[in-house]
Amino acid sequence: MAIVELHGLRKFYGGRDVLSGIELAMGDGELICLLGPSGCGKSTLLRIVAGFIIPDAGQVLVGGRDVTKLAASKRQMGMVFQSYSLFPNMTALDNVRFGPRVAGAPKAEQVKRARELLDLVGLSSHEAKFPHQLSGGQQQRVALARALAVQPQVLLLDEPLSALDAKVRLQLREEIRRIQRDAGVTTILVTHDQEEALSISDRVAVMQGGKLLQVATPAEIYRRPADGFVARFIGSGAVFAGRVERGHVRVGSMLLRADASATHADGSEVEMFIRPESVQIQAHDGELPDGTVAGTLSESVFLGGLTRMRLTLEGPDNHSLWADVPSEHAEGFKPGHKLIAWWEAAAPRVMPLSRE
Amino acid sequence: MNRLGVGGWAILVVAALFFGTPLVLTAAFSFWEGGDRYGFEVYGLLWNSPKLFEAMALSVELSIATVAALIVLMVPAVICMNLFAPKLRPLFEFIATLPFVVPAIALVAGLSALITGPEWLIGTPFYLVIPYFFIALPYAYRSIDVGLRSIDLATLTEAGQSLGANLGQIILMVVLPSLRSALVGSALLTLAVVFGEFTFANVLLFHTYSVYINEIGQHEVTAAAALSAASFLLTWIAMLGVLIAGGGKTGPSGVR
Amino acid sequence: MKAPIAWLFIGAFLLVSAIFLVAPTAMLAVQAVIGDDGLTLEYVQTLGSYRYVKAFEHSLYLSVLSATVGVIAGALIAFAMLKPGAPRWLRSVVTSFAAVAANFAGVPLAFAFISTVGTLGLLTSMLKHIGVDLYAMGFSLFSIPGLTLVYSYFQIPLMVIIIIPAFEAMQPAWREAAENLGATGGQYWRMVGLPVLAPSLLSGWILLFGSAFSAYATAYALTSGNISLVTTEISAVLSGNVSSEPQVGAALSVGMIVVMVLVLAASQMLARRASRWTVKQ
């Protein structure tokens with residue numbers, strides 16, 4: 001049964017829709033990431049769920065109950081903010097027991113619950129410290145414990161990791177996932193970091209221009225993006241706009257290999273998206289077999305086991321194509337070399353042209 | 001939820017009434033000529049009063065002299081302390097706090113008990129520049145010190161020296177320009193405060209602007225009202241200068 | 001010596017401060033306990049006389065009252081003008097006006113209020129016209145409540161200027177976090193907002209107390225002897241208006257300095273307690 005349901009949510013500011021037609025249902029214990037570039041409306045959506053913003057239309061249901069107009073303080077949701085926002089005048093322990101305290105729980109119970117949660121986030125030994133004595137990562141753990149202390153129906157995380165440095169971010173990301181699973185709490189996480197979204201979520205909701213473009217599992221989003229925007233935003237790869245021609249895609253003078261005959265009629269305008277790991281390359285020896293394209297190696301970036309290469313394809317438009325090549329194989333290629341590239345017909349994703 | 005709300009507007013309206021009423025009514029009161037008659041009589045009277053202009057001139061001169069004293073005596077000392085003798089900082093802080101702890105009236109009592117001559121010093125109104133210097137000291141010191149801290153003096157000096165500048169050049173070309181807004185701000189504040197200063201001038205019997213207003217107020221209340229309204233305007237102009245010089249930041253308040 | 005001229009500047013400043021600031025202050029302390037026949041407590045004891053006890057009572061009462069009014073009203077105004085819903089122009093209007101009014105004190109301020117709510121003041125006569133006689137109702141500009149009203153005119157703006165940075169440093173997310181955790185507005189202010197503001201409110205109060213306690217011009221122009229304050233008593237001694245020896249003026253001055261030092265020390269202790277959660281030095 002869906003624990004959180006969003007129906008037809010809409011919000012406008014200054015004559016412009018910042019959110020429209022939002023439909024989303026979340027299962028119990030599910031973690032959904034709202035992913036999108038800044039200004040896409042993901043934070044507005046989260047704040048509507050939290051109760052800080054009242055939508056102009058639509059409903060927020062939690063456990064079947066309509067909470068759209070309910071005050072934030074009555075919603076029993078735990079929220080974690082990008083800026084930590086711990087109360088500076090309270091110790092870690094006092095911060096965590098704030099929720100039970102304002103709810104009027106007996107003091108012994110507040111403290112017991114707060115200690116359990118500090119233990120859960122691994123900060124038992126820091127309970128008497130004030131926020132300014134804790135590192136950013138520690139502060140965010142306390143904030144997480146504080147949010148969990150109200151036994152929230154829904155946990156809301158607003159870019160909780162973006163203020164942290166890379167190493168702490170990775171560590172805390174895994175920890176959030178573990179704690180969220182242990183607590184079994186339905187969670188919405190807002191982020192602009194696609195890697196974070198893919199690694200942590202049960203499902204990812206990609207947003208752009210105030211709309212949900214696609215809601216699906218990370219694997220589905222990665223392999224079968226709904227349109228060019230999602231494709232470009234999730235991971236890297238090359239996107240070509242063109243027309244379907246006998247199942248392949250015609251881009252200028254090039255005919256790019258694809259398998260679109262079943263889904264797209266000849267002549268329809270499409271976008272074709274191909275990920276670097278699907279592309280293979282070899283030196284250009286003068287021949288250009290069917291289904292291959294020719295290009296010049298412009299740059300290569302060493303990524304460890306793989307090296308990512310950018311090819312500038314021949315033709316007037318200077319299209320780029322990326323290919324991930326095993327690093328030991330890549331050593332033979334230098335910028336300026338002529339290469340040919342090819343891929344399986346099933347590898348590219350062909351989508352209707354997205355109009356942005 | 002976070003809108004200004006009825007309470008917020010109520011607070012602001014009450015504040016506007018409290019602060020606006022005396023200004024408007026003081027200006028209006030200055031036109032009162034007794035009974036139901038209103039006119040410009042008192043302004044004509046003031047315009048023809050040489051004593052007023054003498055008192056104003058004296059206050060202006062004293063203000064400028066005090067600013068000059070701060071620039072000559074305090075600013076270089078604070079810069080040099082920061083550069084060469086940071087250990088003296090607590091002593092400077094103590095001196096800059098003292099005028100706050102020792103009320104003006106107490107300082108004037110101490111001064112008149114201790115300094116009883118020579119006549120060329122205590123006989124001239126410019127003797128007032130000495131206590132005025134200390135009245136202005138707490139906030140002038142504070143704003144210069146904050147300004148100095150924000151420019152990382154040591155690094156600037158080293159950078160200047162590595163480029164072959166001597167100390168004088170560094171202070172003139174690097175330090176002072178970066179203190180510009182702090183200097184202009186405290187100078188204008190000093191002007192405003194010294195112009196309206198009353199305690200020392202009254203006790204030491206010098207005829208400054210404030211002393212004049214008080215005197216004329218004893219028998220010509222409407223004249224005092226006219227001058228009060230004018231004073232508010234003058235203070236306003238000075239503070240506008242502070243706001244512009246400080247880039248929108250308000251200066252600390254003066255000492256009464 | 002690396003920079004002899006630097007020491008010249010420092011030395012000149014310290015010398016002038018020593019002669020004209022530190023020495024006169026020390027002189028007061030000496031004068032207060034030395035009479036014609038050497039050490040004496042005679043002058044300090046005069047502080048216990050009815051007249052001077054009253055003066056200290058009035059001064060303290062006026063300072064505490066006007067500082068408290070100033071802190072509360074100033075904080076409320078700053079709070080209202082900084083609300084996110086408040087129009088932008090309001091902010092610049094209030095801050096620039098506060099900068100002017102905080103420095104509008106002394107004789108001109110006194111006469112502004114005399115012109116407004118003095119016995120002949122315009123507001124007084126306007127109200128009388130509609131049947132409200134302020135002075136018959138017990139109000140007087142020349143009383144402690146009257147003086148408090150006048151002092152508020154510079155105390156409130158002073159507080160607005162002091163407290164604005166403290167309000168600005170409060171993160172909106174604290175409010176949201178508290179709300180989100182189930183706290184009411186009242187609970188937020190009691191448990192988070194006020195404790196966070198407390199150190200700034202306290203230091204603002206001290207500054208206001210000091211500015212009222214040492215104020216002389218405003219009181220002198222307003223009361224001319226109606227109410228005795230410590231500052232006006234000292235000036236009466238200095239100008240020879242009362243038949244007291246100058247040593248009494250010194251004793252009164254020392255009394256004021258002692259009060260200021262005590263208040264400052266007490267406030268620092270309180271401030272340390274109130275701000276134990278801030279960054280330690």
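Is C:Glu168 buried, exposed or partly exposed? At 44% relative accessibility, C:Glu168 counts as partly exposed, where buried means under 20% relative accessible area, exposed over 50% and partly exposed in between (1.4 Å probe, protein chains only). Keep in mind that this is a predicted model, where local features need pLDDT of at least 70, side-chain atom pairs count only at pLDDT 80 or more, and totals for chains, interfaces and linings use all residues. Residues are numbered from 1 along each chain as its sequence is written, chains are lettered from A and ligands numbered from 1 in the order in which they are written, and side-chain values use heavy atoms, with hydrogens and water left out.

**Chain C as a whole**

- Chain C has 12 helices and 2 strands; helices (H or I, at least four residues) and strands (E, at least two) are DSSP runs, numbered from the N terminus.
- The C-alpha trace of chain C spans about 75 × 75 × 40 Å along its principal axes.
- Of its 281 residues, 53% count as buried.

**Salt bridges**

- Side chains of opposite charge can pair when their charged atoms come close.
- Over all chains there are 27 salt bridges, each being a side-chain nitrogen of Lys or Arg within 4 Å of a carboxyl oxygen of Asp or Glu.
- In chain C, C:Glu168 pairs up with C:Arg91 (2.5 Å, N to O).
- C:Arg91 sits in helix H4 (residues 88–102) of chain C and C:Glu168 in helix H7 (residues 144–168) of chain C, so this pair ties together parts that are 77 residues apart in sequence.
- C:Arg91 is partly exposed too, at 32% relative accessibility.
- Over in chain A, A:Glu175 and A:Arg141 form a salt bridge (2.8 Å, N to O).
- A:Glu175 belongs to helix H6 (residues 166–183) of chain A and A:Arg141 to helix H5 (residues 136–148) of chain A, so the two link parts that are 34 residues apart in sequence.
- Both A:Glu175 and A:Arg141 are buried.

**A buried arginine in chain A**

- Look for A:Arg275 in the loop between strand E14 (269–274) and strand E15 (280–283) of chain A.
- A:Arg275 is buried, with a relative accessible area of 7%.
- Leaving aside neighbours within four places in sequence, A:Arg275 is in contact (heavy atoms within 4.5 Å) with several residues, among them A:Ile221, A:Tyr222 and A:Ala231.
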